[in-house]
Amino acid sequence: MNRRRFLPILPILTLLAMLGPVAAGLWGTLLPAFGHLPAAGLIGPSLEPFRDLFDWAGLPRAMLLSISTGLLATSISLAIVMLVTAGWSGTKPFRALERLLSPLLSVPHAAAAFGLAFLIAPSGWASRLLSPGLTGWDRPPDLLIVQDTWGLTMTAGLIVKEVPFLLLITLAALGQADAQRSVAISQALGYGRVTGWLKTVFPRVYAQIRPPIYVVLAYSMSVVDVAVILGPNTPPSLSVQIVKWMSDPDLAMRLEGAAGALLQLGLVIGALVFWRLGEFVFARLGAHWVGSGMRGKLDRPVALAALAAGAICALSVLFGLVVLTIWSFAGFWGFPDALPDGFTMRNWMRFGPGTLEALGETALIAITVALVALILTIGCLEAEYRYGLTFSQRAVWLLYLPLLIPQTAFLPGLQTLMLSIGADEGRIPVMLAHLVFVLPYVFLSLADPFRAWDTRMGTIAAALRSSPNGVLWRVRMPMLLRPILTALAVGLAVSVGQYLATLLIGGGRVATLTTEAVALASGGDRRAIGVYGLMQTGAALVPFALALLIPTIAWRNRRGLRHG
Amino acid sequence: MKHLAVLAALLAPVPALADIDPANWEAVTAEAEGQTVFWNAWGGSTTTNDFIAWVGERVMEDYGVTLEHVKLTDTADAVTRVLSEKQAGEDDDGAVDMIWINGANFAAMKEADLLFGPYAEQLPNWAVVDVEGKTVQTDFTVPTDGFESPWAMAQVVFVHDTADMPDGLGSMQELLEWTAANPGRFSYPQPPDFLGTTFLKQVLVDILPDPSVLADPATDENYDEITAPLWSYLDELTPNLWREGKAYPPTGTAMFPLIADGELDLSISFSPGAASTAIANNELPPSVRTFVLDKGTIGNASFVAIPYNSGSKAGAMVVANFLMSPEAQVRAQNPEILGYGTVLNMDALSEEDRAAFEALDLGIATLSPAELGTVQDEPHPSWATRIADDWMTRYGVSE
């Protein structure tokens with residue numbers, strides 16, 4: 001009976017865990033932004049923080065960086081994914097990309113960014129492989145590639161990670177868009193493959209993947225770890241500058257940081273509105289284009305270019321990991337040698353013990369958070385099944401809310417708020433902060449397979465006198481083993497990759513693989529970065545491998561369940 | 001008698017319960033056992049991190065003190081933390097037990113009464129510290145008054161790859177001329193990084209006819225006039241920097257890979273032994289050497305300080321004392337491990353300890369104490385703060 005009472009409140013609890021910290025954090029940002037920070041002896045309201053913010057000489061460029069990075073990264077990744085899907089879905093190269101998806105997705109942003117930097121910097125691997133033979137360089141050219149003023153490398157670093165994410169989302173949406181038949185008909189009418197897909201399937205797919213696209217836009221505008229590694233510093237992007245202000249010894253600088261955080265929130269909202277308006281314009285133009293009846297002449301080159309772009313994204317992450325591996329074993333490696341003078345275990349001996357300690361902390365946090373998220377998610381979904389407490393379409397947006405509000409807008413506020421009430425920073429608050437980001441992903445990952453489960457199985461089990469809990473534990477969950485483990489792996493990967501939440505809410509006391517790796521960025525020790533980057537990737541990747549392996553072993557003699 | 005002791009304890013004034021007496025070393029070590037010390041120290045250098053981990057093992061072995069290294073990207077973070085804890089009323093068990101500190105951060109904490117002490121000169125190993133020859137009782141001209149204890153000496157050295165740049169330079173003026181002839185081959189860490197700020201101070205100290213004006217706090221009246229030559233120097237230097245000054249390395253250690261790859265021929269370091277250590281770790285080519293300027297270079301000491309609200313003051317003092325021990329100092333000076341200058345007075349050491357220092361091979365790229373020449377005093381911290389702020393406005397948001 002107890003459980004019956006408990007289950008219906010789980011959806012409320014879940015929303016609270018997701019939105020509570022966001023709301024509290026925004027409140028904690030709002031007050032200091034208007035000059036109210038009693039902990040520092042400052043009583044508001046005042047507009048002083050905004051005045052200071054607008055006096056900062058770097059502000060116009062920092063804002064511009066945030067906007068340009070977000071819009072460019074989102075539109076380019078979206079274009080690549082749409083065109084690759086349009087031109088190639090169902091073909092061999094596409095299946096190859098699909099197979100690479102999970103590993104690519106689980107590589108943490110920081111590791112991918114380091115890998116990219118080690119590839120394309122003037123002294124990077126690409127330049128080493130081509131030098132001096134093809135380029136004639138016997139020393140690296142003095143070119144501003146990494147940390148370039150316009151943030152293009154940072155944008156590229158985001159694109160290589162957003163393409164796999166959007167592709168995964170698109171694949172999920174394709175099933176409901178009736179893509180194959182539409183394309184077949186349009187081709188029968190003489191449309192090219194890409195043109196036909198864009199004219200018939202794209203509008204339906206886009207309507208479904210709109211929320212994740214907005215997430216990508218908000219994330220790209222306010223990312224911190226990738227910006228620290230690849231972004232410019234004279235001045236940095238707005239979010240990086242906010243984090244700098246928040247850690248200034250002068251507490252009064254937090255007011256400026258809070259004002260900056262509100263500005264960042266405003267920028268993201270503005271960009272989302274701009275994007276939405278763009279959708280209307282695009283839809284108008286698109287309708288005109290559809291109506292024009294043009295069959296598409298450039299289909300082939302466009303499809304090839306898109307495939308090349310997609311392949312470059314995948315390969316830069318994969319080769320980035322390769323170059324991280326080489327650095328982690330490298331002896332002296334001068335330019336332009338393609339490989340180090342020698343390979344050594346020395347780097348692993350030096351940094352291995354440190355990574356193991358950080359791995360322990362990372363695993364403890366990630367496993368706890370992912371399990372809590374999984375329990376809440378299954379609870380919500382089961383409550384929905386038993387009591388019909390469904391999320392309306394509007395409520396689905398609530399799931400995306402914590403991902404749409406820039407981290408730099410509410411995490412600093414959450415930190416300040418915790419400080420004001422004297423709460424201790426540490427592992428448990430970090431876990432709660434991680435939960436905000438982990439829950440939506442776990443929920444989105446598990447919801448569809450959970451709802452798609454054939455409820456007649458439940459009816460049969462109930463007819464055999466199984467209780468509702470018995471149905472859940474003994475029928476539904478075992479049958480859904482693979483999606484449940486996948487959702488858990490997604491949760492683990494999201495937690496492993498969290499940088500800002502760990503740094504700010506942990507007060508520097510909680511050292512995970514990600515915070516340690518990003519902290520190494522300023523030291524520039526490529527061997528240490530190699531070791532930490534690989535460990536970080538491993539921590540995110542191994543759960544995915546287990547999620548594939550365990551059901552295969554557990555159901556080795558249950559053929560019907562193997563793909564469930 | 002027993003009752004009397006209890007009564008005395010009950011009647012003792014409250015402050016006596018609060019803080020332990022640093023001079024009573026037996027009581028300190030007894031209380032330290034089992035304590036955990038959160039040492040907030042810059043974590044950007046892997047060699048330093050390794051050294052701190054070793055210190056942790058040793059104090060656990062000898063004193064049962066657990067040492068946790070909180071790796072900072074900026075020491076100011078720890079200062080903020082203590083300050084905000086004070087404002088939030090957390091006076092007994094703050095998050096920070098010990099800070100690797102000097103300069104402006106120390107001046108700020110001492111000024112705001114955020115430090116525990118005086119304790120440094122009561123520690124047993126203070127007896128072997130070189131009070132005469134090394135600047136261990138002032139920190140950027142601010143008297144330490146026992147509120148921080150030294151553990152390493154640093155001095156600016158220029159690091160050059162002799163394969164591309166065979167000879168050193170004698171002055172900042174020569175450096176300017178050299179960069180004009182070799183554009184893109186020199187850079188310095190982006191201020192407010194402490195090494196980057198130190199480079200700016202080094203420029204000023206070297207080009208001013210009389211740098212002694214920098215010993216007093218900067219004032220609104222004299223600041224502009226005294227720093228004017230620095231800005232015209234930088235205006236001339238910046239276009240010839242690496243990446244034309246549009247990007248800067250974030251820290252000193254980040255310049256090592258740039259030298260190793262041949263992007264830079266010249267950089268600076270605040271640790272005379274760091275280049276040799278980096279050669280040993282394959283981070284720099286063996287052709288790298290170091291030099292100092294004819295008029296000498298800026299030097300200072302690294303200290304540790306204990307926040308007033310640390311809950312593990314005894315443990316922190318044990319660590320601070322261990323850092324000044326001959327064992328730790330020899331290890332820190334070993335270029336294969338850290339390559340930091342010692343704070344100890346060789347004459348005060350036992351025969352055996354002195355022999356250990358003499359047996360050290362300082363490394364191929366490390367200058368001998370004689371070669372390091374004159375150590376120039378750090379300017380008053382107010383100069384560094386204002387210069388770094390101005391730099392950020394002039395060059396930090398340029399393009």
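What follows is a short chat about this predicted model.

Visitor: How many helices and strands are there in chain A?
Guide: Let's start with the make-up of chain A. Its helices number 24. Its strands come to 0.

Visitor: What share of the residues of chain A count as buried?
Guide: To count as buried, a residue needs 20 or more other C-beta atoms within 10 Å of its own. Of the 564 residues in chain A, the share that passes is 51%.

Visitor: Over to chain B: which strand pairs with β1(B) over 7 bridges?
Guide: Strand β1 of chain B covers residues 36-42, and its partner over those 7 bridges runs parallel to it. Val37(B) stands opposite Leu67(B), for instance. That puts us in residues 66-72, the strand β2(B).

Visitor: Which residue is the bridge partner of Trp39(B) in β3(B)?
Guide: β1(B) is also joined to strand β3 of chain B, residues 98-101, by 2 bridges, and the two run parallel. In β3(B), the partner of Trp39(B) is Met98(B).

Visitor: How many residues of β1(B) are buried?
Guide: The strand has 7 residues, and enough of them are buried that it is largely enclosed by the rest of the structure. For β2(B), the count is 5 of 7, so that strand is largely enclosed too. For β1(B), the number is 6.

Visitor: And how many residues of helix α12(B) are buried?
Guide: This helix runs over residues 313-323 of chain B. Among its buried residues are Lys313(B), Asn321(B) and Phe322(B). The helix is largely enclosed by the rest of the structure, because the buried count is 11 of 11.

Visitor: Which element supplies the largest share of the side of chain B that touches chain A?
Guide: On that side, 52 residues of chain B are in contact with 43 residues of chain A. Elements that each supply at least two residues include α4, β2 and α16 of chain B. The largest share is 8 residues, and it comes from α5(B).

Definitions and conventions
Residues are numbered from 1 along each chain as its sequence is written. Chains are lettered from A and ligands numbered from 1 in the order in which they are written. This is a predicted model: local features need pLDDT of at least 70, side-chain atom pairs count only at pLDDT 80 or more; totals for chains, interfaces and linings use all residues. A residue is buried if 20 or more other C-beta atoms lie within 10 Å of its own, exposed if 12 or fewer, and partly exposed in between; C-beta atoms are placed from the backbone. Helices (H or I, at least four residues) and strands (E, at least two) are DSSP runs, numbered from the N terminus. Two strands pair if DSSP finds at least two bridges between them. Two residues are in contact if their C-beta atoms, placed from the backbone, lie within 7 Å.
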